[in-house]
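Please keep the model open as you read along.

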Amino acid sequence: NRASCHRPQSTTAPTSPETALPATASPDAIYTSVAETVIAEVTQASNQPTPTFTPIPPTNVFPTITLAPSSTPIPTFTPAPPLPTYTPLPTYTPYPTATPVPCLQVLFVKDVSIPDGTGLIANEAFVKTWRLKNIGSCTWTTAYGLVFMSGDRMGGKSAISMPQAVTPGQTVDVSVGLTAPDKPGIYQGNWQLRSADGKTFGIGDLANKSFWVKITVLEMDYNQIFNFVIAACRAKWTSGTGTLPCPGQPGDISGFVQFLTAPVLESGKVEESITWHPGRKFMMEP
């Protein structure tokens, strides 16, 4: 065995040169010295600045959480104010314009002679006269005339010149000489006017209707020596104003001759006769 030399470690606290005590120091001196040393160390320690705590930065950095903005409530729907009620503008109504008056227009006024249904004997000559009014816008010159259109011509001319110029609004009497047919019956001839350039026109809204002459040819009774009624218009009828047409127009102030079928006399007897305007004198020439 190998012998070793072992020195026991000292349990005495090391001392600094300033606090080293002599070996002969008493126990109280030792305690005092130790206490002073402790106080000195504590004092030294207290004079040191307090270290600042610096946290260790984290090794795992979590992402910053950004919260969604707070939900903003949808604003309450406020309806727009109603639009003003549309009021349509009044419909434009143009001022009425005068309807242009046709150039050629005629109005029948009356039959001056031979009213409708006049009784005549066979082959009797007569004159038919119409009173017409110019209601057109053109003047009827003497180049205008009366023309036969249809029906029974009764021996009359196909055209007769206007007797005078007729301005718009004026009236005129136009006549044509005719002859009653040779057989009993009812006959009618239709007539119109014709302009200088050959256009025919008549009565009615469209100026396309004819005026007419309408007679009755009577059946003769040869057992009678003379029939005054049948032959009445073969006579010449006159008054203070001159010769009268036969038959005449009832109400004519110049007097008139009128053929009546089955008139009632003052005695109550029904008889064919000739009537005349009271107060007028008439002469018949056979």
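1. Let's begin with a pocket lining. The residues around the second largest pocket divide into 12 nonpolar, 2 polar and 3 charged. In this tally Ala, Val, Leu, Ile, Met, Phe, Trp, Tyr, Cys and Pro count as nonpolar, Asp, Glu, Lys and Arg as charged, and the others, Gly among them, as polar.

2. A word on the basis of these notes. This is a predicted model, in which local features need pLDDT of at least 70 and side-chain atom pairs count only at pLDDT 80 or more, while totals for chains, interfaces and linings use all residues. Residues are numbered from 1 along each chain as its sequence is written, and side-chain values use heavy atoms, with hydrogens and water left out.

3. Back to the pocket. The second largest pocket has a volume of about 230 Å³. Of its 17 lining residues, Val127, Cys233, Leu244, Pro245 and Cys246 are the closest to the centre. Strand β3 supplies the largest share of this lining, with 4 residues. A pocket here is an open set of points on a 1 Å grid over the protein atoms alone, where a 1.4 Å probe fits, with protein on both sides within 12 Å along at least five of seven lines; lining residues have an atom within 4 Å of a point. The volume is the space filled by probe spheres set on the points, which are joined across faces, edges and corners.

4. Now the overall layout. The protein chain has 1 helix and 13 strands (DSSP runs numbered from the N terminus: helices are H or I with at least four residues, strands are E with at least two). Along the sequence the pattern reads α-β-β-β-β-β-β-β-β-β-β-β-β-β. Of the 286 residues in the chain, 25% are buried (buried is under 20% relative accessible area, exposed over 50%, partly exposed in between, with a 1.4 Å probe and protein chains only). Among contacts between residues at least 6 apart in sequence, 63% join residues at least 24 apart; contact means heavy atoms within 4.5 Å.

5. How many salt bridges does the count come to? There are 2, each needing a side-chain nitrogen of Lys or Arg within 4 Å of a carboxyl oxygen of Asp or Glu. In one, lysine 128 meets aspartate 111, with the closest N and O atoms 2.7 Å apart. This pair links distant parts of the chain, with lysine 128 in strand β3 (residues 125–134) and aspartate 111 in strand β1 (residues 106–111), 17 residues apart. Lysine 128 is buried at a relative accessible area of 0%, and aspartate 111 is buried at 12%.

6. The other salt bridge joins aspartate 173 and arginine 131, at 2.7 Å from N to O. Here aspartate 173 in strand β6 (residues 171–179) is linked to arginine 131 in strand β3, 42 residues apart. Aspartate 173 counts as partly exposed because its relative accessibility is 32%, and arginine 131 is likewise partly exposed, at 25%.

7. Next, the aromatic side chains. The count comes to 5 aromatic pairs. Rings of Phe, Tyr and Trp (its six-membered ring) pair if their centres lie within 6.5 Å; planes under 30 degrees apart are stacked, over 60 edge-to-face and the rest tilted. Tryptophan 130 and phenylalanine 211 are edge-to-face, because their planes stand at 65 degrees, with the ring centres 5.2 Å apart. Tryptophan 130 lies in strand β3 and phenylalanine 211 in strand β9 (residues 211–217), 81 residues apart. Both tryptophan 130 and phenylalanine 211 are buried. One aromatic cluster is formed by Trp130, Phe148, Trp191 and Phe211.

8. Methionine 154 is buried, with a relative accessible area of 7%. Alanine 207 has a phi of about 55 degrees and sits in the loop between β8 and β9. At 9% relative accessibility, alanine 207 is also buried.

9. Finally, a look at a proline. Is proline 100 buried or exposed? Proline 100 counts as exposed because its relative accessibility is 68%. Proline 100 is in the loop between α1 (27–47) and β1. Proline 100 and glycine 136 are 36 residues apart in sequence and 9.8 Å apart in space, C-alpha to C-alpha.
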